Amino acid sequence: MCAENERDSMGRLDGKVAIITGGAGGIGIAAGKRFVAEGASVLLVDLDEQALSQACSEIASNKVSYHVGDVTSSADNNAMAEVAVERFGGIDIFLANAGIEGDVASILDYDEARFDQVMNVNVKGPFLGLRAVIPEMQKRGGGSVIITSSIMGVKGGASVAPYATSKHAVIGLMKSASREFATQNIRVNTVNPAPVNTRMMRSLEEGMRPGEASEAKAGIEAGIPMQRYAEPDDIANIMLFLASDESAFITGSVYLSDGGITS
């Protein structure tokens with residue numbers, strides 16, 4: 001085989017190590033599959049060990065492992081980084097993907113404790129993750145951080161104010177981190193999906209129209225120019241691009257994958 005063909009056969013993430021929080025969810029598993037298929041070693045992080053074990057089985061590779069951890073805990077984030085270094089030798093990619101949707105409720109009725117939970121998972125989680133992984137990226141001479149935001153990070157939504165607030169907030173976190181670490185070759189971007197065919201959307205559909213979730217889904221899809229939800233692979237493909245060296249000059253950017261909703 002000639003050298004040109006050998007280069008063509010290389011994976012886009014060969015030799016890289018990635019951490020994916022929310023690794024047992026739909027987008028997390030899809031990203032894990034894509035990253036492993038392109039040569040990365042991947043550590044999936046989530047709260048549910050059984051779900052993590054199932055996710056690893058689904059990815060089916062000796063390049064994937066898991067760690068049980070709570071993204072709202074500084075100690076758990078530090079342990080996550082330590083495990084990635086112990087098992088795989090370092091950290092090159094951090095996909096801060098863990099998130100919760102909260103409740104579908106008016107601002108006037110929204111439970112304060114639930115608001116705090118949404119902020120802790122969706123905003124504090126990525127913040128603590130950055131603190132844990134960036135020192136390891138600095139040792140490697142750079143890296144890529146991808147934070148999962150949402151179209152609700154660039155627009156509002158009735159009855160989902162805390163979720164939308166949290167997804168706006170991580171864009172501010174991303175832009176600040178991208179400025180702070182750009183000279184160290186650490187890139188930070190967000191991916192902002194439209195509704196995706198995952199458990200989260202099933203929960204939101206039921207919250208919007210209890211007992212009539214399928215009707216809620218149809219109504220949401222009718223408002224998307226492409227007339228469908230995103231699939232997890234649609235989002236994972238953008239995450240792969242941002243994780244790879246193909247995006248080497250991209251940082252501080254918001255990547256919408258929304259089927260035209262914000263057009």
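Author: Two strands pair if DSSP finds at least two bridges between them. With that in mind, let's look at this predicted model.

Reader: Happy to! In which sense do strand 1 and strand 2 pair?

Author: Strand 1 covers residues 17-21, and strand 2 covers residues 41-46.

Reader: Which residue in strand 4 is the bridge partner of Ile 20?

Author: Strand 1 also runs parallel to strand 4, residues 93-96, with 3 bridges between them. Within strand 4, the partner of Ile 20 is Leu 95.

Reader: Are the residues that point either way from strand 1 buried or exposed?

Author: Val 17, Ile 19 and Thr 21 point one way, while Ala 18 and Ile 20 point the other way. Buried means under 20% relative accessible area. On both sides, all of these residues are buried.

Reader: How are helix 2 and helix 3 oriented to each other, roughly parallel or oblique?

Author: Their contact brings Ile 29, Gly 32, Lys 33 and Val 36 of helix 2 to Ala 55, Glu 58 and Ile 59 of helix 3. The axes lie 10 Å apart, at an angle of about 40 degrees, and the crossing is right-handed. Angles under 35 degrees count as roughly parallel. Helix 2 and helix 3 are therefore oblique.

Note on methods:
Residues are numbered from 1 along each chain as its sequence is written. This is a predicted model: local features need pLDDT of at least 70, side-chain atom pairs count only at pLDDT 80 or more; totals for chains, interfaces and linings use all residues. Side-chain values use heavy atoms; hydrogens and water are left out. Buried means under 20% relative accessible area, exposed over 50%, partly exposed in between (1.4 Å probe, protein chains only). Helices (H or I, at least four residues) and strands (E, at least two) are DSSP runs, numbered from the N terminus. Axes are lines fitted to C-alpha atoms, for helices over the stretch in contact, and angles run from 0 to 180 degrees between N-to-C directions. Angles under 35 degrees count as roughly parallel, over 145 as roughly antiparallel, 65 to 115 as roughly perpendicular and the rest as oblique. A crossing is left-handed if the near helix is turned anticlockwise from the far one by less than a right angle, and right-handed if clockwise. Contact means heavy atoms within 4.5 Å.
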